[in-house]
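Dear colleague,

My notes on it follow directly after.

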Amino acid sequence: MFKRINNIYLRSFVIFIYFVIIFFCAIELNFLWLFGYSPDMQDIKTPTMSVASEVYSADGKLLGRYYKENRSPVEFKDISPNLINALVATEDARFYKHHGVDFFSFFTSVVSTAKGDKRGGSTITQQLAKNLFQTRKRKSQGFIKHIPVFRTIVYKCKEWLTAFKIEHLYTKQQILTMYFNTVPFGNNSFGIKTATLKYFNKNPNQVNPAQAAMLIGMLKGTSVYNPIRYPQRALERRNTVLGQMQKYNYITKAIYDENSHLPLNLDLSYVENDSQGDSYIRHAVEKWLDKWLKANDYDLYEDGLKIYTTIDSRLQQFAEEAVNEKMRMLQRRFYSIWGKKAPWRDSKGVEIKDFILKAEQKLPIYDLLDKKYKGDTVQIQAYFKKPKKMTVFAWGGDRDTTLSSADSLKYYAKILNTGMMTIEPSTGKIKVWVGGIDYKHFNFDHVNQSKRQAGSTFKPFAYLTALDNGYTPCDKFTDKPVSISYMDNGKPDVWAPNNADFHFSYREMSLRWAMGKSVNSITAQLTEKVGWDKVVEYAHKCGIESPLKSVPSVSLGSNDVSVYEMVRAYSTFLNRGNKIDPLLVTKITDNNGGLLEEFTLKTEKVLSEETAWLMLYMFRGGMEEPGGTSQALWEYPGLWKKASNQIGGKTGTSSDYVDGWYMGITKDLVTGIWVGADDRSVHFNTSESGEGSHTALPIFGRFMEKVYADPKSGYQPGSFPKPWSKITKDYNCPSPHISEDTTSADTLSAPVDTTLAVPQPATTEPTSAPPTTN
């Protein structure tokens with residue numbers, strides 16, 4: 001039919017237009033599913049922001065949702081003309097002259113890009129189409145996503161088509177309103193109202209030209225031009241936008257000069273209530289899925305996924321109840337000990353005078369105040385000492401009060417926190433995740449984010465190294481002073497550890513007894529025998545991923561590790577010597593229930609079954625050996641209703657009672673618990689108050705009592721597993737009765753885990769029972 005057109009140039013042009021029309025029709029119709037979905041007119045009429053993803057427990061209970069909740073829509077009349085003018089001048093100067101696509105701007109941008117001056121040609125309407133209808137997301141992709149250049153052309157054409165539809169249905173004012181209500185401004189701010197409140201504590205109709213220009217300038221890159229992190233970049237970008245506003249006559253030169261010389265003047269005092277539905281588990285799942293989401297191009301906050309976790313809601317509830325009960329008591333104990341005295345102390349027990357000042361200097365607002373007042377510390381301190389109304393955390397419920405910022409820092413610095421995780425080693429499933437005492441006020445996760453000195457909970461890796469390299473649980477060492485020479489960063493050094501009670505008994509003790517009683521001197525001797533490099537190697541082999549400084553004190557827990565790592569490593573012993581990659585999510589489905597991914601347990605054989613079983617036997621020594629550091633568990637009668645029940649574990653306390661740990665092992669579960677203040681300078685001051693057996697162990701004891709008391713929990717008391725293979729090493733070496741009281745202690749340099757008890761002799765398969773008292 002084209003042959004009827006005699007003019008070759010006109011014929012070529014008509015053919016080109018014909019195929020362009022066919023191409024756009026193919027995109028619109030998703031011909032042969034090549035081009036992906038395109039929003040139709042009904043979608044344009046009823047746009048949806050996003051679909052929330054949901055996260056469930058293993059037993060089907062909803063744990064939380066993921067959605068962009070920090071969004072407060074506004075009407076056009078409530079948006080300052082300064083914002084509208086800044087947006088149009090910067091993003092789309094011809095906004096009022098086109099019908100969704102500005103071909104003039106598009107072709108000039110292509111020419112500029114070809115010359116090396118890269119700039120975008122998208123109109124505000126096209127940007128709205130991309131933000132509102134996700135024209136480049138998975139749902140909108142077809143087979144062409146595998147063709148690099150062609151897919152970009154299709155995406156751009158799809159944006160054009162969607163932009164034309166938007167312009168057909170909405171006025172320019174409505175388009176601007178939708179744009180301002182959907183565009184992100186960084187720092188979890190979606191929409192102009194949350195942005196103006198977050199950065200200036202103002203509503204959108206109150207911002208001046210400089211503030212409007214800063215916000216619009218952020219649209220080029222919310223991370224790059226983040227005014228909190230990069231104030232200088234944000235300032236320069238703001239002035240560029242002001243220049244655009246002057247260029248297109250939205251402001252005069254006088255207004256430009258006045259506003260371009262203003263500082264950013266951020267006001268970050270607005271407190272938003274955006275924590276609804278948030279929890280430590282919710283964020284742990286998000287972090288756990290991060291790589292999968294990126295690799296599969298899913299958005300957790302928009303794509304309506306259903307995520308099924310390994311968390312047992314019943315056990316999770318028991319853990320949270322135990323934490324709540326015991327941490328309340330610990331906090332009262334802490335306040336009682338220190339009274340009106342400041343608990344922030346150095347290693348010599350001397351108060352740190354500039355503690356609060358340094359805490360102030362770590363806050364983001366300090367740098368802003370420093371610039372605002374040009375380093376005048378008097379004015380800065382006046383700000384921090386000015387009383388303000390605020391809501392603070394309290395164990396009886398959030399409390400409204402009036403405090404200065406400095407007093408608020410003092411208040412929160414004294415609050416103790418915790419991290420707790422429970423895993424079922426045979427399946428690798430994480431059953432409990434308690435990241436802290438209250439997510440709303442303390443959203444730093446103490447299970448996986450926080451790393452602290454492990455104290456004596458790290459000692460078992462020295463004994464593991466020994467058992468796997470020729471030693472037996474019955475091999476004996478003498479509790480006596482030890483001095484170890486070594487090289488530290490090329491310099492000679494000597495390490496001479498004390499026992500925690502600064503006393504050496506000169507008694508010959510088996511390795512099981514020494515580990516159960518947590519004797520520093522014998523652990524140090526053993527470390528010297530097997531080599532501290534070897535201890536580090538075995539710790540990494542079992543699942544510790546944090547870097548470990550290879551020094552003699554490594555076995556006494558001088559390195560920082562997380563609760564997550566310790567639980568994973570201890571699980572290796574109950575899982576027959578197989579290291580696991582813990583599972584937090586079992587499967588993911590789409591919004592309609594279609595399976596997207598299923599996660600299975602990955603294991604690696606790192607220890608022999610004999611060594612793994614012997615380590616479980618060693619852990620039982622904490623309950624069964626003279627002065628075992630786990631014997632405070634006898635105070636929890638709910639653990640011993642079944643006479644054959646066995647529990648193994650290890651307490652730990654770092655220097656100055658900064659960190660209290662307990663690692664508990666039953667026949668089914670491994671639980672790790674850390675207790676301490678977020679700042680290491682804040683801590684208990686005596687072994688009776690701050691050791692692991694008095695801070696972390698009680699949480700474990702109460703938790704397991706609750707688990708055992710519920711027949712529906714699926715976990716009941718019982719004996720540890722029988723040997724999985726033939727045991728070739730001697731382990732039946734009962735420790736002797738001792739007439740005097742036994743003091744157990746468990747720290748790098750101070751007495752901890754003191755337990756008054758008369759021990760029982762160990763047998764081949766000892767049955768746990770409370771020790772008799774003298």
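I begin with Arg568, whose side chain makes a polar contact of 2.6 Å with the side chain of Asp581. A polar contact here is a pair of N or O atoms within 3.5 Å; within protein, one must be able to donate a hydrogen and the other to accept it, and residues adjacent in sequence count only if both atoms are side-chain atoms. This is a predicted model, in which local features need pLDDT of at least 70 and side-chain atom pairs count only at pLDDT 80 or more, while totals for chains, interfaces and linings use all residues. Residues are numbered from 1 along each chain as its sequence is written, and side-chain values use heavy atoms, with hydrogens and water left out.

A further polar contact, of 2.8 Å, joins the side chains of Arg568 and Glu545. Arg568 lies in helix α23 (residues 563-574); helices (H or I, at least four residues) and strands (E, at least two) are DSSP runs, numbered from the N terminus. At 6% relative accessibility Arg568 counts as buried, where buried means under 20% relative accessible area, exposed over 50% and partly exposed in between (1.4 Å probe, protein chains only). Setting aside neighbours within four places in sequence, Arg568 is in contact with Cys542, Gly543, Glu545, Lys579, Ile580, Asp581 and Pro582, contact meaning heavy atoms within 4.5 Å.

Helix α3 (residues 81-91) is largely enclosed by the rest of the structure, because eight of its eleven residues are buried. These run through Asn82, Leu83, Ile84, Asn85, Ala86, Leu87, Val88 and Ala89. At the start of α3, a side-chain oxygen of Ser80 reaches to within 3.1 Å of the backbone nitrogen of Asn82. The axes of α3 and helix α10 (residues 231-247) come within 8 Å and cross at roughly 90°, which makes α3 roughly perpendicular to α10. Axes are lines fitted to C-alpha atoms, for helices over the stretch in contact, and angles run from 0 to 180 degrees between N-to-C directions; those under 35 degrees count as roughly parallel, over 145 as roughly antiparallel, 65 to 115 as roughly perpendicular and the rest as oblique. On the α3 side the contact involves Asn82, Asn85, Ala86, Ala89, Thr90 and Glu91, and on the α10 side Arg237, Val241, Gln244 and Met245.

Turning to the strands, an open sheet of five has the order β7-β6-β20-β19-β18, with antiparallel pairing; two strands pair if DSSP finds at least two bridges between them. Its edge strands, each pairing on one side only, are β7 (429-434) and β18 (648-653). Within this sheet, six bridges join β19 (residues 660-665) to β20 (residues 670-677), and Trp661 stands opposite Trp674 in β20.

Strand β10 (residues 484-488) pairs with β11 (residues 491-495) in the antiparallel sense over five bridges, and the two form a hairpin with two residues between them. Asn489 in the turn has a positive phi of about 55°. The bridge partner of Ile484 in β11 is Trp495.

Lastly, Gly718 lies in the segment after α28 (697-709) and is buried, with a relative accessible area of 5%. Its C-alpha atom is separated by 4.1 Å from that of Asn645, 73 residues apart along the chain.
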